[in-house]
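Trainee: I'm new to this one and would like to learn how to read it. Could you walk me through it, feature by feature?

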Amino acid sequence: NTASALSRDRLRQEFSLPFLSVIGPGVRAAAKASTSGKIGVIATEATIESDAYAAGIRELREAEVYSQACPLFVPLAEEGETDSEITRQIARKYLQPFGDKGIDTLVLGCTHYPLLKTVITETIGSSVQLIDSGTATAVELEDLLRNQGILRESDAPGWSKFFVTDAAKRFHRIAERFLGHKLEHLEAVEVSEHVGKSNNKPS
């Protein structure tokens, strides 16, 4: 979400291929899900400061959008503190401002936050619908691939390959926690070796 909020417009200027960020799908899912028009957004400080979610939701419908940065949720998710008392205490601190707003929908505007869904629901209340921006993006990606005629039809197992520029061991450990299975294909790369190659054009 942070990367999407800060770079999506620039990337769309640089590349002509279809480009799907996590902001748009999250915005559309939240705008559709809310019946009261009172929507909360939690995300990193950079995403909140960008105003990407609040502005996007208000473009689609009349809504009262309340935003809250939750920076400590990221290290808690990465360290596996998804169901601990310290996480509950921090969740109460972050989510308390929503208590008197009457929101019926809460956007999880960071892909780390779904790991904390149980604690967030306990804190905010089960009547508030949680919008997972990652799930919303996956749904729209399926539609995009189908419309492009490139949706994979085979039932055979697929595979993934990840490229990282730093902290490969840490990424490996955290990715397995997020994905729920072993990560077999991981490669460290130097960005300087690849920058500009995709934009090279014949003269």
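Trainee: Let's start with the strands. How many bridges join β1 to strand β2?

Mentor: First, the general idea: strands of a sheet pair through backbone hydrogen bonds, either parallel or antiparallel. Now the case here, in what is a predicted model. β1 and β2 (residues 64–69) run parallel, and six bridges join them. To find your place along that pair, look at Val41, which stands opposite Ser67 in β2.

Trainee: And what about β1 and strand β3: how many bridges are there?

Mentor: Four bridges join β1 to β3 (residues 105–108), and these two run parallel. You can follow the pairing through two residues. Ile39 has Thr105 of β3 as its bridge partner, and Ile42 stands opposite Leu108.

Trainee: Is β1 mostly covered or mostly open?

Mentor: Mostly covered. β1 spans residues 38–43, and five of its six residues are buried.

Trainee: In what order do the strands of the open sheet come?

Mentor: The order is β2-β1-β3-β4, an open sheet of four strands with parallel pairing. β2 and β4 (129–132) are the edge strands, each pairing on one side only. From one strand to the next, the twist averages 20 degrees.

Trainee: Which strands does α7 lie across?

Mentor: α7 lies across β1, β3 and β4, and its direction is at about 150 degrees to β4.

Trainee: On to helices packing against each other. At roughly what angle do the axes of α2 and α4 cross?

Mentor: Helix α2 (residues 23–33) and helix α4 (residues 52–60) cross at roughly 50 degrees, and their axes come within 9 Å. The two helices are therefore oblique to each other. Their crossing is right-handed.

Trainee: Which residues of α2 and α4 meet?

Mentor: On the α2 side they are Ile23, Gly26, Val27, Arg28, Ala30 and Ala31, and on the α4 side Ala52, Tyr53, Gly56, Ile57 and Leu60.

Trainee: α2 packs with α8 too, I see. At what angle?

Mentor: At about 100 degrees, with the axes of α2 and α8 (residues 133–147) 8 Å apart. That makes α2 roughly perpendicular to α8. Here Pro25, Gly26, Arg28 and Ala29 of α2 meet Ser133, Ala136, Thr137 and Glu140 of α8.

Trainee: Now the aromatic rings. How do I describe a pair of them?

Mentor: A pair of aromatic rings is described by the distance of the centres and the angle of the planes. In this structure the count comes to three aromatic pairs. Take Phe73 and Tyr113: their ring centres are 5.3 Å apart and their planes are at 90 degrees, so the pair is edge-to-face. This pair links distant parts of the chain, as Phe73 sits in helix α5 (residues 73–78) and Tyr113 in the loop between β3 and α7 (117–124), 40 residues apart.

Trainee: Are those two residues buried or exposed?

Mentor: Buried means under 20% relative accessible area. Phe73 has 1%, so Phe73 is buried. Tyr113 is at 0%, so Tyr113 counts as buried.

Trainee: Why is the pair of Phe162 and Phe171 called tilted?

Mentor: Their centres are 5.9 Å apart and their planes are at 55 degrees, so the pair is tilted. Phe162 is partly exposed, at 24% relative accessibility. Phe171 is partly exposed as well, with a relative accessible area of 30%.

Trainee: Which residues do ring pairs link into a cluster?

Mentor: Phe73, Tyr94 and Tyr113.

Trainee: Let's look at one more residue, Asp9. Where does Asp9 lie?

Mentor: Asp9 lies in helix α1 (residues 2–14). With a relative accessible area of 52%, Asp9 is exposed. Between Asp9 and Arg170 there are 29 Å in space, C-alpha to C-alpha, and the two are 161 residues apart in sequence.

Trainee: Finally, let's step back to the whole chain. How many helices and strands are there?

Mentor: The protein chain has nine helices and six strands. Its C-alpha atoms fill a box of roughly 60 × 40 × 35 Å, taken along the principal axes. Of the 203 residues in the chain, 35% are buried. As for contacts between residues at least 6 apart in sequence, 71% join residues at least 24 apart.

Methods
Residues are numbered from 1 along each chain as its sequence is written. This is a predicted model: local features need pLDDT of at least 70, side-chain atom pairs count only at pLDDT 80 or more; totals for chains, interfaces and linings use all residues. Side-chain values use heavy atoms; hydrogens and water are left out. Buried means under 20% relative accessible area, exposed over 50%, partly exposed in between (1.4 Å probe, protein chains only). Two strands pair if DSSP finds at least two bridges between them. Rings of Phe, Tyr and Trp (its six-membered ring) pair if their centres lie within 6.5 Å; planes under 30 degrees apart count as stacked, over 60 as edge-to-face and the rest as tilted. Axes are lines fitted to C-alpha atoms, for helices over the stretch in contact, and angles run from 0 to 180 degrees between N-to-C directions. Angles under 35 degrees count as roughly parallel, over 145 as roughly antiparallel, 65 to 115 as roughly perpendicular and the rest as oblique. A crossing is left-handed if the near helix is turned anticlockwise from the far one by less than a right angle, and right-handed if clockwise. Contact means heavy atoms within 4.5 Å.
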